[in-house]
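I opened this notebook to record, entry by entry, what I looked up in the structure shown here.

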Amino acid sequence: MWLFIKLFIKLFINVFIGWLLLYLTPNTVLARSVDCPQWHQTQAIREISVLDAQLARWDEAYYFRGLSPVDDGIYDHLLNQRKIWQHCFADLITDITPAKKDIPLFPMLHPVMHTGLAKLPDASSVKQWIEKRQDLWVQPKIDGVAATLIYQNGHLVSAISRGDGVKGEDWTAHALNIKGIPQQLNLEQLPSQQRSSQQRLVVQGELFWLMDNHIQQRDGGQNARAKVAGAMMSKVLSPQAAEHIAFWAWDLPEGPEDMPARLRLLKQMGFYYGTENTQPVTSFEQVQNWYQRWFESSLPYVRDGIVIRQGKRPAGQHWVAKPPSWAVAWKYPSPNVIAEVQSVSFNIGRTGRVSTVVNIEPTQLDDKWVRKIAIGSTAHWKKWDIRPGDRVELALAGLGVAQITQVVWRLAERAEVNAPDEQQYHALSCWTPENSCEQQFIARLTWLSGKQGLNLKGLSHKTWQQLVSTDWVKDTTSWLMLSPTELAQTNPANKKLAERLSSYIDTARQRDAAQWLSSLGLTFISQEKIRQMGWDNLKNRSVADWRNEPELGAKSAQQAYDFVNHPQIQAAVTRLKTAGIQGF
């Protein structure tokens, strides 16, 4: 008995360990949660190399020239996409190695490196991060330009741009003329021992543009960061910049160990921004409340999220130029989102108009899920040059309709998309489903049975597709001749459908010639006028006769003439006469 129990326990342990190895290995988890593109080796290397080069150019502009050539959301999305591709092709691709040949060398060394921040993607990630930590503080994430201020004996002696986190540009000349940067610290109120320790003081923070009654939810970014960057990079600081730029102090790298003491010291020395809105939190709910409060309330600066910090963190001498474990950012949602294009399809309407639909991965935009975006004509699509695998930015337009605002990334290897020949389709094409005409033909039938046509309730686009696929509907009127027995054969297992179709035919036979002609496309004049004129009069009218109609211009008069005299219309009228339709 005991031997059996031991064998069972051993088997259970082996199975359990095997399960852990199978499901909890990081690579396995990622592989199960990520759809990898089906690329051959050459394409994988090419696509990732092209993206690497673009990321490096954006990095150079952001860190070395203080510019933001691309929205943060787009950059973060593509950087994350790059990580996914790296996982998918781990044997081919290494970590990102930005090209450095065009990157300038910064002249000024930071006394304490700038770490940057990791960005958590959603509330669930924030909650998990918080659960593992204590002594947490939250503050607005200011949308400005990071910088280091250095004070000697209380006097500002140097200002350095963030640069690459290790070195930066010398911004001292401009900083000395900006009213929102404390030029001389108030050290008088400090204890003498603490005062003597402040011979050199390093403050890290954000240069930002002062705003008037700014509500982030309502006003957005307003290009505030670019204003600051442009001013600090300019040869001459403008009077407006000197008045509107201020400094948000987020840390004293060489200051006291705990957060309350650092905040008190900063405030006593004269740093207002950064001390008044750094709040202690003990739960995710409190973090979320501040997140939403700062999004909706009025503040004098643009913010693009919040920063969550641990009060106690390593001393500044141990900081490195990469995101730390003791602080993260949780950004506000962008009004626009990015989605991957899965395919491009084309719809051909009743009148022969070709419209383009971009099919995307299911994407949540505000409170709705979006899968398809109509972008208009094929000419518009060609101008956008959207192909499967590309990334597009979406936004809600009027009435909550999703639209594409820009293509944020195009694959280097362009997928082939076969667009229909627009010259093949027009108002009088496709009266039968042959020769690539099925779409327009079914659109004609759907219009014919719709409210504006014969008003056959329940005879929908899907039902017409079924009838056309069974080869029972070969033109716009022959279906009137289908008997109940033939209808049952379209779907023998569904007698109710056969009965409904038979009812549709009975109803359609009761419609008169005016309703039928209007449903087939004679929409240039009213049904009442069609009844007054009669078919025999209509078919004998010249273009000049049509032009005499007060509601018709030259173009519509020609279209009316062409419609009435088209062979397919005349053949349809013959069948309608045979079916006993009143008015023919």
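**Entries on the whole chain and two regions**

I began with contacts (heavy atoms within 4.5 Å): among those in the protein between residues at least 6 apart in sequence, 68% join residues at least 24 apart. I noted that this is a predicted model, in which local features need pLDDT of at least 70 and side-chain atom pairs count only at pLDDT 80 or more, while totals for chains, interfaces and linings use all residues. I also noted that residues are numbered from 1 along each chain as its sequence is written, and that side-chain values use heavy atoms, with hydrogens and water left out.

I then looked up the elements, DSSP runs numbered from the N terminus (helices H or I, at least four residues; strands E, at least two), and found 23 helices and 18 strands.

Next I turned to a sheet, where strands pair if DSSP finds at least two bridges between them: 5 strands form an open, antiparallel sheet in the order 16-15-14-17-18. Strand 16 (368–376) and strand 18 (402–409) are at its edges with a single partner strand each, so one side of each has no neighbour in the sheet. I found 7 bridges between strand 15 (residues 354–365) and strand 16, and I saw threonine 356 opposite glycine 376 in strand 16.
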